[in-house]
Amino acid sequence: MARVITVALVDDDRMLTDGMRAWLGGVPGLRLVATATTPAELLRPPDQELPYAAPDVVLLDLRLGDGSDPVDNIRLLLSSGSRVLVISTVPDRARIIESVRAGADGYLTKDNDLPTLVAAIEDVAAGRGAHSPELAFACAHDDSPARPRLSPRERQILLDYASGMTLKSAARRAGITVHTAKDYLDRVKAKYRQAGRQAYTKIDLARLVREDSLDGQ
Amino acid sequence: MALSAVPLWLRRPGLPREQTAAGSGLQRARSFMVLATLLYRVSHLAVGLVAVLQHQRDEPVPYALLALALGLSALVHGTALRRGWFERRHIWADVLVNGVALPLTLYAWGGAEDSAALGWAMLLGGSACATAALVLDRLQVVGVVVLLAATHLLGYRLVDASTAVVLGHTNSLLSSAAMAWVFWWYLRRQGRLLDDANARTLAAEATRARYVERLEHHRLLHDTVLATLTTLAAGGVDANTPQVQERCAREAAYLRRLIEQTADEVHHRGIGEALEDVVGAAESLRLRVTVRYHALPEVPPEVSVALADAVREALNNVRRHAGTDHAYLTATADPGRPGAVVVTVVDRGCGFDPERCEPGLGLRLSVCKRMTAVGGRAELDTEPGEGVRVELRWPG
């Protein structure tokens, strides 16, 4: 891996920003290129005239101090060309699900260790999508009516991975290869994103119709 | 953490008043009225026996009718004693047979030709309409009273009873119904008031228990998070030492669970509390435990204890043999089976060969024994290099 992965951090906790800078500073192959307290600030740095170069991966805090909707934040960052790895202090399961539906590439709690975080960033940067037990737990125990249908196999892998097993152990238990197990997890995430996309399109359509009719008057 | 032990029955609001049965005020009022009407009827049957012996000693029909009255009374009041309240159709049968048909039959075929011989059968109408006043709807009660009064008037006219007897007995009939109804109304009202007062006491008790629980949380926060933060803020210690970092991580994990739990508070009492104790103990022995709960059902206390013991055993095993300082604990409802629970303890450590290794043996014995004792089951899954997964299910 010759190319350096560029990373940005959107978090309104200054201490955490400093800590992350120190943390990632020592990791070869990663470079923290920007920090901001909101996605808007990241996309339009106030003191720079340079054209914005989207970082490969944006680490986005799930709940920002300005009370902005995580879904909007994720869509904004995705539209700028970055991939998004959501992080949060407490696993707020409903919002984790919303994030995945909105297209986030992964989710981690902030108490994970550095190797886990780095591995997740690398996975997201490579377009593989990052998996974590906390995300799997949120999906496995999603009671909302909008949840996608999962096959029994997908469910089993999801539950085992959510219980803390490594993907390798979960695969062995199910009698399949790690590769297939990862496929199952990818499929679950894809189903959520697909469902999210459809819902979003509907909302968008409704909004467009409303705006059109307002314009027409 | 070990929080106030709120008994299960305190946590179940909104049971319909009638279902709380046994000791409720309403049920007590019912028991009393069942007993009172039973005694009333017994007194009438006793009068009947004396009257038959005095006036119709040699006739068979009055004995048969007395036996019929006795049998029907036994059915009406026996059922009420057993089930706690009267059956509507029994009441109708009592009114129509004992109150109406019986005196007329006694006159027609029993040879009762004066008011002294007929009177005992008329009395049964009085106790019948007292019971009817408790059970039937208001309009039906009026109908029953009119019907029985008509029977009185007709019966006594047939035997040419004196006006004083007719008036006296009819008056007794009406007042039986009226008094039974008034007593019942009063007792029922007192019973409701008592039930409401009890419900308020229980609610107050539950609030107090929650308050105690919150205080307990605050005390724990004070001893842990607040103490650590205050020390760090004072600047006397180096925050970068492993000890301080470890302590911070442990306390952060506690706060994290606390926040997750309060979001879903109601479900996690019982199992959640028992597991929290175990996790706290494991953390103080320097094991990092990632805990996740979801929609835990209420289970009998001994099941919570068994689950907690089994989890303690599994976490001990991680600490001693897994070669890792991190374990995962999940406790959730079993989606396929209402009321069932699944708990897993997982590590990503060295694992072992389940066929040969002695940690496996000890783990399996101690964990399985605890679960099977309460009707649950435990399952072990491991391979060398692949960590250990212990799954506990209840019911098994």
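**Figure 1. B:Asp160 in the loop between helix H5 and helix H6 of chain B.** In this predicted model, B:Asp160 counts as exposed, with a relative accessibility of 69%. The cut-off for that class is over 50%, and B:Asp160 is therefore placed in it at 69%. The loop that holds B:Asp160 runs between helix H5 (138-158) and helix H6 (163-234) of chain B. Although B:Asp160 is not a glycine, its phi is positive, at about 55°. Most residues other than glycine have a negative phi.

**Figure 2. B:Arg286 in the loop between helix H9 and strand S1 of chain B.** B:Arg286 is not a glycine, yet its phi is positive, at about 70°. The residue lies in the loop between helix H9 (271-284) and S1 of chain B. B:Arg286 counts as exposed because its relative accessibility is 56%, where the class requires over 50%.

**Figure 3. The cis peptide bond from B:Trp394 to B:Pro395.** The bond that joins B:Trp394 to B:Pro395 is cis, and its omega is near -10°. B:Pro395 belongs to the segment after S5 of chain B. Most peptide bonds are trans.

**Figure 4. The interface of chain B and chain A.** In chain B, 21 residues are in contact with 22 residues of chain A. The size of an interface is often given as the accessible area lost when the parts come together. Here chain B and chain A bury about 2,100 Å² between them, and 47% of this area is on carbon and sulfur atoms. Three residues, B:Arg256, B:Arg292 and B:Glu386, supply 31% of the area that chain B buries against chain A, more than any other three residues.

**Figure 5. The salt bridge of A:Glu134 and B:Arg292.** The side chains of A:Glu134 and B:Arg292 meet at 3.5 Å, N to O, in a salt bridge. Between chain B and chain A the count is seven salt bridges. Ten residue pairs are in polar contact across the interface of the two chains, with both residues of each pair at pLDDT 80 or more.

**Figure 6. The side of chain B that touches chain A.** Elements of chain B that give two or more residues to this side are helix H7 (242-263), strand S1 (288-294), strand S2 (326-333), strand S3 (341-347), strand S4 (377-382) and strand S5 (388-394). S1(B) gives the most, with four residues. By residue type, the side of chain B that touches chain A divides into eleven charged, five polar and five nonpolar residues.

Note on methods: Residues are numbered from 1 along each chain as its sequence is written. Chains are lettered from A and ligands numbered from 1 in the order in which they are written. Side-chain values use heavy atoms; hydrogens and water are left out. Contact means heavy atoms within 4.5 Å. Buried area is the accessible area (1.4 Å probe) that two parts lose on being put together, summed over both. A salt bridge is a side-chain nitrogen of Lys or Arg within 4 Å of a carboxyl oxygen of Asp or Glu. A polar contact is a pair of N or O atoms within 3.5 Å; within protein, one must be able to donate a hydrogen and the other to accept it, and residues adjacent in sequence count only if both atoms are side-chain atoms. Ala, Val, Leu, Ile, Met, Phe, Trp, Tyr, Cys and Pro count as nonpolar, Asp, Glu, Lys and Arg as charged, and the others, Gly among them, as polar. Buried means under 20% relative accessible area, exposed over 50%, partly exposed in between (1.4 Å probe, protein chains only).
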